Structure formats: C-alpha cells, structure tokens
Amino acid sequence: MGLYDKIFKPKKIVLANGKVVEEKASRTPLILLLLLAATIVSVRITGFSLTTIFTRGNQFFVILGQMFPPNVDYIGNIWGPLLDTIKMSLLGSFVGSVLAIPFAILASANLIRNKIVLGVVRVFLSIVRTIPTLVAALIATYIWGLGTMAGTVAIAVFTFAYVGKQLYELIETVDMGAYEAMEAMGAGKLDAFLTAIQPQVLPAYLSVCLFCLEGNVRYAAILGYVGAGGLGLILNEKIGWREYDSVGMILIILFGTVLIIEALSHYIRKKLT
Amino acid sequence: MKNEIDKMYEQEPKTWYAKLLAALIVAVLMAWSMSAVQTGSTGGDGLAVAGRIVSGIFHPDTELLFNFTTSGVAYLLLETMCIAFLGTIVGAILSVPLSFLSAVNLVPKPVALVFRTFIMAIRTIPAFVYGLMFIRVTGPGPFAGLLTMSLCSIGMVSKMFIESIEDLDTKILESLDAAGCTMFQKIRYGILSQLFPDFMSTIIYRFDMNLRDATVLGLVGAGGIGAPLIFAMSAYKWNQVGAILAGLIVLILIIEVFSGKIRTKLARG
C-alpha cells in the first residue's frame, strides 16, 4: 500500500543514538471505515432493525415453546429415516473421501510438476467446492429421483471437494526426503508414494474424513427438505402440518445421534494423532 | 548391518490385526449403508435431465445475469453478501461470550460443559427451522435470513474461538504483571493482541461458508439468491439456473481468493 503511506506520512522517531526510524501509520482506521461502510450498506439492504428484534423477539420462542414437551409417541417413526440419514452420510462420506485421493494427488505441487494439470485439477476442485450442497442435492433429485440416492450423491460431492482440498494441502506439507530417496534408488512413482508419503498423510487424512462425516450427519438432515431422503423428509412434513411437538422429538433424536457420532469420531481422531 | 535392519523391522509394532479390524468395520458399515441407495422415479430419463442441466449451466440466461435491477443476479448476489456479512458479524458477537464461558481454562469444568452442550444444541437445529422461527419475528425477507445465518454461525465460530482462547499464552500476562501493568493494559496488550488475529481469521472463514450456505435460506423465503435459484430449478428453467449458479460460483471464488490472502496475512502477523 504505497499510496496509503504517501497520504498518511509515517511517523518519524529519533532514537537515543540519533538513528531515525519510521513507524508506518496504522491501517486500522481505513479498515474500520470500510467495515462501517459495508455494515451500513448491509443494514440498508437487509432491513436490519434492532427495535424489531426487541419488540417481536418473543415470537421466536413460540415455535420453540411448542416443541416442548416433545411428542414421545412419535419416536417409533423416527428410527427408519434416522438410519437412512446415517447410511447416507456414511456412504457419501466414504465415496467422496476415496474419490478425492487421486484428485488430491494430481493437485499436489510437490508430486506433479506439470503446471497445466495442477491448475486444471485445482480449479475443478474449487468450482466443485463452491456448489452449495443443497443445490447439488436438488440437481441429484432430478437425475436419480427423490430418495436417499440423491442425498448420498450430494454428500459425496461435498465431501469430495472438502477432503480433496485438505488432502492436497496435507500432501504438500510432507517431508519429501524419503520420497526422493526412494526415487533415487529406482522406485517407481507409485511405489515411492505408497511407502514414503502415504504413511505420513494417512492419519491426518482419516481424521479429515471423520471430521467431514460429523458435519455430514447434520447436513444429511437438511437434505431431506428437498426430497433427498432421511430425517429432513419427516422434519419437513411435520413442519408443514405444524406438529411442532413431533419436530421437537426429531430434533432431540438428531441431537443425540450427532452427540454420539461426534464423541466416537473425536475418540478415534485422538487415537490417530 | 543386515542384522540391525532386521532388528529394527522386528521392533516395528505389529498393528496388522488392528488395521484388519478397522478395514472390516468399514466394509461392514459400507455394505450396511448400501441398502440406503434407492432411486425414486424421475418421471423421465435421468441422463436426459442431466444433459439439459449441463447445457443450461454452459448457456446461462445472459439477460438475467447482466440485469442490474432488483430481480437481476447482481442485486441478488449483493443481497446474499449483505446477509452473510451481517449474519457473520452478529453470530460472532453472540459467540464471544458463549466461547469465553465454555473455555476450560477460564471457567470451572461443569460450567464449560453446560455451555458446550448448549452450543451443540444450537448447532443441531437445521437452518430452515431457524428460518421459520425468525420469519415469525421479522416477516419473510433478508432480515430473517440474516438472523438465521447468525444463529447457524454460532456453532462453528464458537468452537474455533474456544480453541484460540484455550491456546492463550498466560506467560505474557505474567510478564505484563511483573512490568506493573494495570488490568486494562493486560487485556489490551496481553489478551486482545493474542486473540484478535485468530478471531478475525475465523470470522472471515465463516463469512466464506455463510455465503455458500445462503442458498438454504431461499427454501423458507428468508431472502438471498436461494429462492430464485430453487424456483428456477423447480420450473426446469435451466438457463436461469445456469445464470444464477455462474454468478454465485464466480462471487464465491473471488471472495475465497481474497479471504485466503487476508487469512494468511493474519496468520503470519
């Protein structure tokens, strides 16, 4: 920011030994000004108003209040969709994580010297990552019809993009010494990768996959909203019928499931590292 | 020499049975999950639909894409950005007290546990349920979307905040103490300067994610680009879908590049 320094001259400080040092003017006012401007524009466009929150905020708790006490009798109808949700996230995460491996290798600058391949694969990964999961699920329902298949595909796509990016960043930070030694001894690229790089990245890779799985269980519950199977399906139905006590029950079961899966994956991840 | 290598080999921990067990568990889980792969009836050939989607995405509706009125892609993207921006800020503000109260190095463990469970409960409720609740408060529109985004951000943002609070280096506070600093100075130079870059980095990252997740809001009429996108999809207007997706993807890519640059700058100081 050469221009900024020209407008706001750096402060000159004369040290005790006569040396002059320059302290550049702080950028904070400029950043604050920009943030303030962005906030004002956003408030205008979104119609944000604190008074509405304070005067009508209690309305937020109306539906929440109707969820309690939850409808315990409904619990029998939840297990099926819940298992569907878990299956969708397991399979989707698995497929996505496995598919991500070759792409991540092709996107690692320390393994692939070809700039064009690197660029193409990386741009592809970024573009896939920008597709919102919900949109992927919607498109999938048009291709595979309503059902869990669409949800599985959407989760696989999301996992693929996320794990792919994390994995190539992992591969790029490994210690290349062993790999180069293997290559110098005449091993092929695949052999060298499997023996020198795979052991270095495997624990972190598995940990990323598990982390993704945790999030996917939560995502899978939303996907049902667009007809992609699982808990979201009955959630949407019950919201439509305004049976909020059943909605409360579904949410409690989902909460318990997420809690268990997170505890499990947290335990395994701790073991891995 | 040869013997030494053999010895080292023998010392290698024998973990093949653990690996086999893990592989077996994964295989069983996958086989079990396969039963979930059921396709419904599409009311047409899936491949043909896929072809139309792809061709729509590559031939976006340019009229919609370069329309600068309130129904054009540009305005919708601006609205989405505003929702994500304010939503992230409000969410971050709400997360600060929550994360201080759940950091185990500041409060007793039971208290931290209670607040952590509370944060998890906030995270579990899906975005569209929040959307419905907030529409009761504000009526449909971007304001409801903003509030939804802010609640959805709390989970991940406070998780990251907690991590940075727990990583605080308390030695700095001790040395400030030794230098005779007041409480205010200790907070200003000892705590804020440690937390600020981490917090900013988290907030910027979350802004990225919120921009991506903003399409969910369209489902319940909470503003942003989601609603037109979903309407266009259910009306099979793939050219419009292509236009909206193209705009969204370009915006997200640009924001990602910028936020990545700012975040690496923050990390390096």
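The points below go from the overall build of one chain to its contact with the other.

1. A word on conventions: this is a predicted model, in which local features need pLDDT of at least 70 and side-chain atom pairs count only at pLDDT 80 or more, while totals for chains, interfaces and linings use all residues. Residues are numbered from 1 along each chain as its sequence is written, and chains are lettered from A in the order in which they are written.

2. Chain B has twelve helices and zero strands (DSSP runs numbered from the N terminus: H or I of at least four residues for helices, E of at least two for strands). Its radius of gyration, taken over C-alpha atoms, is 25 Å, well over the 18 Å that the globule rule gives for 269 residues, so chain B is more spread out than a compact globule. That rule is 2.2 Å times the number of residues to the power 0.38.

3. Now the partner: 51 residues of chain B are in contact with 49 residues of chain A, contact being C-beta atoms, placed from the backbone, within 7 Å. Helix 7 (residues 127-138) gives the most to this side of chain B, with eight residues.

4. Have a look at helix 4 (residues 60-67) of chain A beside helix 7 of chain B: A:Phe60 and A:Ile63 are among the residues that meet a set including B:Leu132 and B:Phe134.

Terms used. Contact = placed C-beta atoms within 7 Å.
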